[in-house]
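Here's a quick briefing to read alongside the model. Have the sequence and the 3D view open, and follow along by topic.

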Amino acid sequence: MSETICLIPAYEPDEKLLKLVREGLSAGAGPFLIVDDGSSESCGEVFSELEAMGVTVLRHEKNMGKGAALKTGIGYVAENLPLVTGIVTADADGQHKVSDIIRVRDEMDARPSELILGVRSFTGDGVPRRSRTGNRLTTFVFRLMTGIRLSDTQTGLRGIPRMYFETALKVEGGRYEYEMNFLLDMAAANVHFTEVPIETVYIENNKSSHFRVIRDSFLIYRRPLTFALSSLSCSLIDIVAFALFSGVLFSGRDSMIIPATVMARVLSGLTNFILNKLVTFRARGHSLIQTVKYLALFVTVMLLSGAFVSLLSFLPAPRWLIKIPVDLCLFFVNYVGQKKWVFKN
């Protein structure tokens, strides 16, 4: 069997972490590596007991977030433990069973080039509504962005082979968004995902979670949200510019409506390109090539919009009303096209 290690980021842990490590060591799920993510002094006894068991504990002076803790642990293994072939990440709140940690580890041993996900079932009565709703939303967004259907994108129980350590250390984000971004980057690299069903455990309705709904949700969905805001902003620019060009520059002449439309669309399109390159996707690469690709996608989406509105014009509704769902569908097409083709890093 290859040598693996179980990495657990811990913030304000309690007896549940000690219980998990004790059972894990007895069952052969170790060795364990714990990252104390800036916990208070009251948790000092927990970490001291872990060290007394022979567990390596790394420490952050202040709370930096789950993503930062995971990267600290992965970096430590990559630099100091060359014989370790993979890492199994788990949570410190007692929601992962030792038997499931071992299952994910064994699956990673059998599939050393794949990312292993320990996935939960969200259909039972004991699943908190917040967790069920959150998972449905993230799996939908993930499928929209990648075309890959996963049943649990929020799982913290994952098997990461050593060949992906370097990628894991480069993933953006230091808090809960890190795990979603990691999946997105793995998907972009065409890494295959293997799902391993695990037991679904929620202790006291998951009240021990340190997830901050508004802030952490925004971080997780930053890319699609900023893309939507960019698109909305540029739509407003398009409307205002058209009004100025047609009403002021061309003094309301009907013959100049098409030139005013083109000029406004070019201005809004240029703004959209810059915002998405620098803010939404933070893309590297050759700007000229990206510009050509963007223009090709821009024209394609515009022609598709006109074509679908024309095809659906037989419906008993105004054309502007038909255009709304058409452009909404094309919005997602445009997002995926820009992410996976125009601004692909």
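Start in the loop between strand S1 (4-10) and H1, where you'll find Glu-12. Keep in mind that this is a predicted model. From there we go on to a helix pair, a peptide bond and a surface patch.

- Glu-12 has a phi near 55 degrees, which is a positive value in a residue other than glycine.
- Gly-30 and Pro-31 are joined by a cis peptide bond, with omega at about 0 degrees.
- Pro-31 sits in the loop that runs between H1 and strand S2 (32-37).
- For context, most residues other than glycine have a negative phi, and most peptide bonds are trans.

**How H1 and H4 pack**
- Two packed helices are described by the angle between their axes and the distance between the axes.
- Here, helix H1 (residues 15-27) packs with helix H4 (residues 98-110) at an angle of about 55 degrees, and their axes are 9 Å apart.
- That angle is why H1 counts as oblique to H4.
- As for handedness, H1 and H4 make a right-handed crossing.
- On the H1 side, the residues that meet H4 are Leu-20, Glu-23, Gly-24 and Ala-27.
- Their partners in H4 are Val-98, Ile-101 and Ile-102.

- Leu-270, Ile-274, Leu-275, Leu-278 and Val-279 make a nonpolar surface patch of about 430 Å².

Key. Residues are numbered from 1 along each chain as its sequence is written. This is a predicted model: local features need pLDDT of at least 70, side-chain atom pairs count only at pLDDT 80 or more; totals for chains, interfaces and linings use all residues. Side-chain values use heavy atoms; hydrogens and water are left out. Patches are made of residues with over 30% relative accessible area and no salt bridge: like charges are joined within 9 Å, nonpolar side chains (Val, Leu, Ile, Met, Phe, Trp, Tyr) within 5 Å. Accessible areas come from the Shrake-Rupley method with a 1.4 Å probe; for residues, only the protein chains shown count as cover. A salt bridge is a side-chain nitrogen of Lys or Arg within 4 Å of a carboxyl oxygen of Asp or Glu. Axes are lines fitted to C-alpha atoms, for helices over the stretch in contact, and angles run from 0 to 180 degrees between N-to-C directions. Helices (H or I, at least four residues) and strands (E, at least two) are DSSP runs, numbered from the N terminus. Angles under 35 degrees count as roughly parallel, over 145 as roughly antiparallel, 65 to 115 as roughly perpendicular and the rest as oblique. A crossing is left-handed if the near helix is turned anticlockwise from the far one by less than a right angle, and right-handed if clockwise. Contact means heavy atoms within 4.5 Å.
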